[in-house]
Structures are given as C-alpha cells and as structure tokens.
Amino acid sequence: TIGARASLSFDISDQYHNDYFFVPYTDKRSQKGTLLGKLLARHPYLEGRKVIYREGFRDPYSFDEPEWVERVFVIDSYKLSDEKLSVRCLDPLVLTEDKKAKMPEASPARLLANLTSGSTFNFYDAPNYYFGAMSASVFVRIDAEVIQGTVSGATELTVVTRAYKSIQKNHDAGATIQDCIRFNGTHGIDAIVFALQNYTTIPSDYLNLSAYSAIAALLPTFILDDALITKPIAVVDFINELIKIGNIGIYFDTVLSEIVIAYTPVQEIEPITIDEQNHIKRGSVSIDDNTKSQYSRFGVLWGLTDITSDSDEKYAVRYQSINLDLEASGAMGQTNERKLQKLPLLTTSVDDSLLGAAFSARIITENETKPKIIEVTLDAAQIGATQGGELKKGSIISLSTKYNQDKDGNNLSELFQVRKITGDAYDSYRI
C-alpha cells in the first residue's frame, strides 16, 4: 500500500481580537470574539489547505538565516477548544483518500425510460453530452449490467454490446447510468498518474512526470490488459491495487515536495551504516521478528467473470504459492496462510495471469526469512544528508545492532528499508 504517511500536528493559542491587521476595511471589523473563532466562522473549510513547515539550525553566534528545510503538508482535521486551535496535517497523498477522491465520480444521469431491449436509450438529470462528444465510445453501468455504447445524441447512447463481462437484465426508468473508466493496454504507472491528475485535487507541482516515465520503462510487462472500473471507488484503493501488482512503492517526499514512485528491486542502497557505537541512542533498540507476517502460503484471485461483483466465486482463477521448506519441521513447522488477495483489475489473459502469478510468488519468495521490523532512535544530525548519502523515508541502509546477531554472536549488518520517521530536528528521530 501507499507508504507510511508524513504528518504534522501543532496548536495555535486563541485570544480576543479586534480584527486589526486582519480585516482591511474598518467598517467590517468586529471588536467581539476571538481571532481563531472568527477565522473559522469566515472560512469554515480549512481541510485541504496547504501548510508549509520550516525547520533549521541557527548558529547562536551569527545573524545569518538558518539553512531552512521546508516541508509541505495538507490540513486533514482541526479542532478549536480550550482556547487553542489544534491542527493535524498529512502529506498531500491524503487527497487520494475515500472522502476526498473517487473514481469515477458518481453520475447524475438517469434512465429516461425502461430498458429491456432496443438499440438506443436516453438519459436525463445530466448535462448534454455528459458521457462524451458525438460518436465517442463509452462504457456505462446500469444496475448490475455493463453496456458498451457510443454517444449518438446530446442525451442519447446507442448500444454496441449488452452485458459486457456482466449479466444482461431489464432496467427501470430512473435507474442510474454510471460512466465507467477503462484501462485497455494501459501501463500501470500511466494509470496511477491518470488517477492523480483527473480524480484528485493534488497540485501538478507535486508530480514528477519524467521520473514516472523512467520507472515505467523499467516495467515493460506492467500493463493492464482490460481493466474496467464500474462504480466509484477511492483513488487510494485503486493505487494500492497497482502497488501490489507492479511491485512498486509510492510515498510523498516532504522535502522535495513531490510524490515518489519507486520500483522496489532497483532502489539504490545508500552508503549509510547505522550502528550502536556511533549513532543509535542507548537503550532505544526494539526488534519485532514479525513472524505472524511470514506467510508460508499465499493465494490470489483474478479474472472476474462478472465485473459488477467482487464475491470469491466470481473469480475465474485461484492461484496459490506454497513454501514447503518454510512449513518443514525445522522451520516454521506450520501453515501460515494469508487471507486470499483479490486482484479485480486483472483478466484471464496470459499477460495478466503472469502478473497475478508473479505477485503471489514474490510474496512467498520474500518470506524466506522473517520480515524483521527494527526501531531505533537517532540524533537529528543522522537524518537527511549524512555519510555521503541521504537517510529519508524509503532509503535502504545498512543497520547493525547487538540485538540482531548471527549464530556465532556477531552483530549482523543487514539491509533495511526506512518505512517511517517520527520526531523533530530539535531533539531526535525514531526510525
């Protein structure tokens, strides 16, 4: 799924205020109420507003400005109480979440008359040419049937195919005509960018299109053969599906102020070594062997026979990978099977089936050893540019601690990926 989210929380003290310096017109100023109370009354929707947080170290013997580092966030929630405004912010990927971004958007179009048979049907309650320009090819969903058609008038569609990967039914007047999104031979990275650009309010400044093209070039087989989204879903859910299929990572870099898409197998290893003697705060190491997440069996479903349903029996393919060595008595010695994963975007085509099988096999292969989770506390100086590399979320670094040893009692120096960083530059960071 989308990587651990960067967050920021802060409080602002409230006080009585006469609007001076805040309201330019004297006749509009009020001597009553508090500064933040009136602010929220005048601007009641702060969610989604950009927040820039600046941090840096100042030389106490100099008047020079610090080397500020700016981090970008978006307001997620806030509350005014106890004479203070408490604000919680997340990185801009919050704008992909359920209540903020759906794809496709819910359609206002309604069926004008009963639809049982016939080559055309009309709609109302939607703007003229709502489904596209004249002669445009479209896919729509009415109740539990998907219909392929063309735009043949301002409020008319002509049927090309009834029951497209679904079951033909009769439909009553007034039924919703939902437009669908189709990815036909579309690269998975392009599909993600399409969703971010067309179905979220994420500013284009946060997208690095040239970097995404470079990642796409590394994944020539990451192609959606014929994926159809027939009802509004959260953009984040759509992206998370593609993260699984493509073996990629997505997160927001708060320093570069951009959404990063990374292909996991080719991520560079930073020239950074973290050890207890030189970097880790004493007594701060925590290790979770995370055995519960070491799966010996992993099953995947794909190839929906009815794309309007997500029930298990509607999937044509059930594929399971098993690590028999892991289930042997000398290893885990028991079956640890993860709940079946559904891949509704994949069809039964050869190429899509290879993607599904690769996903299942990858999970089992990567579970050869326990997926350790190590948490340590570092001095702020070790975060960011350090040791000729950069330690940030997503970085792959070498980590050594006496709590992670080999059979001879030597400290293991193993590669770990930084998944989460918390703390602040004025104290220390937990990674």
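Trainee: What should I know about the model and its numbering?

Mentor: This is a predicted model, in which local features need pLDDT of at least 70 and side-chain atom pairs count only at pLDDT 80 or more, while totals for chains, interfaces and linings use all residues. Residues are numbered from 1 along each chain as its sequence is written, and side-chain values use heavy atoms, with hydrogens and water left out.

Trainee: Which residues touch the most other members of the largest nonpolar core?

Mentor: Phe-238 and Ile-248 do, in a core of 54 residues. A nonpolar core here is a set of buried Ala, Val, Leu, Ile, Met, Phe, Trp, Tyr and Cys residues joined through side-chain atoms within 4.5 Å. Buried means under 20% relative accessible area, exposed over 50% and partly exposed in between, with a 1.4 Å probe and protein chains only.

Trainee: And what is Phe-238 in contact with, leaving aside its neighbours within four places in sequence?

Mentor: Its partners are Met-103, Phe-183, Ala-191, Ala-195, Ile-229, Ile-233 and Leu-345, where contact means heavy atoms within 4.5 Å. Another core, of 17 residues, lies apart from that one and includes Ile-374, Leu-378, Ile-383 and Tyr-429.

Trainee: How do helices H2 and H4 cross?

Mentor: The axes of H2 (residues 188-199) and H4 come within 10 Å and cross at roughly 170°. That makes the two helices roughly antiparallel, a label for angles over 145 degrees; under 35 counts as roughly parallel, 65 to 115 as roughly perpendicular and the rest as oblique. Axes are lines fitted to C-alpha atoms, for helices over the stretch in contact, and angles run from 0 to 180 degrees between N-to-C directions. Helices (H or I, at least four residues) and strands (E, at least two) are DSSP runs, numbered from the N terminus.

Trainee: Which residues of H2 meet H4?

Mentor: Gly-188, Ala-191, Ile-192, Ala-195, Leu-196 and Tyr-199 meet Val-235, Phe-238, Ile-239 and Leu-242 of H4.

Trainee: Now the sheets: what is the strand order in the three-stranded one?

Mentor: The order is S22-S21-S23, in an open sheet with mixed pairing; two strands pair if DSSP finds at least two bridges between them. Strands S22 (315-322) and S23 (337-343) are at the edges with a single partner strand each, so one side of each lacks a neighbour in the sheet. From one strand to the next, the twist averages 20°.

Trainee: What joins S21 to S22?

Mentor: Seven bridges do, and S21 (residues 297-304) runs antiparallel to S22. The bridge partner of Leu-304 is Tyr-315 in S22. Helix H5 (residues 350-365) packs on this sheet, touching S21, S22 and S23, and its direction makes about 165° with that of S21.

Trainee: What covers the buried residues of H5?

Mentor: The cover includes strand S14 (223-224), helix H4 (235-246), S21, S22 and S23. Among the buried residues of H5 are Leu-355, Phe-359, Arg-362 and Ile-363.

Trainee: Moving to S18, is that strand buried or exposed?

Mentor: Six of the six residues of S18 (residues 258-263) are buried, so the strand is largely enclosed by the rest of the structure. Glu-258, Val-260 and Ala-262 are buried on one side, and Ile-259, Ile-261 and Tyr-263 on the other.

Trainee: Which strand is joined to S18 by six bridges?

Mentor: Strand S17 (residues 248-253) is, running antiparallel to S18, and Gly-249 has Ala-262 as its bridge partner. Four residues lie between the strands of this hairpin, in which Ser-257 takes a positive phi near 55°.
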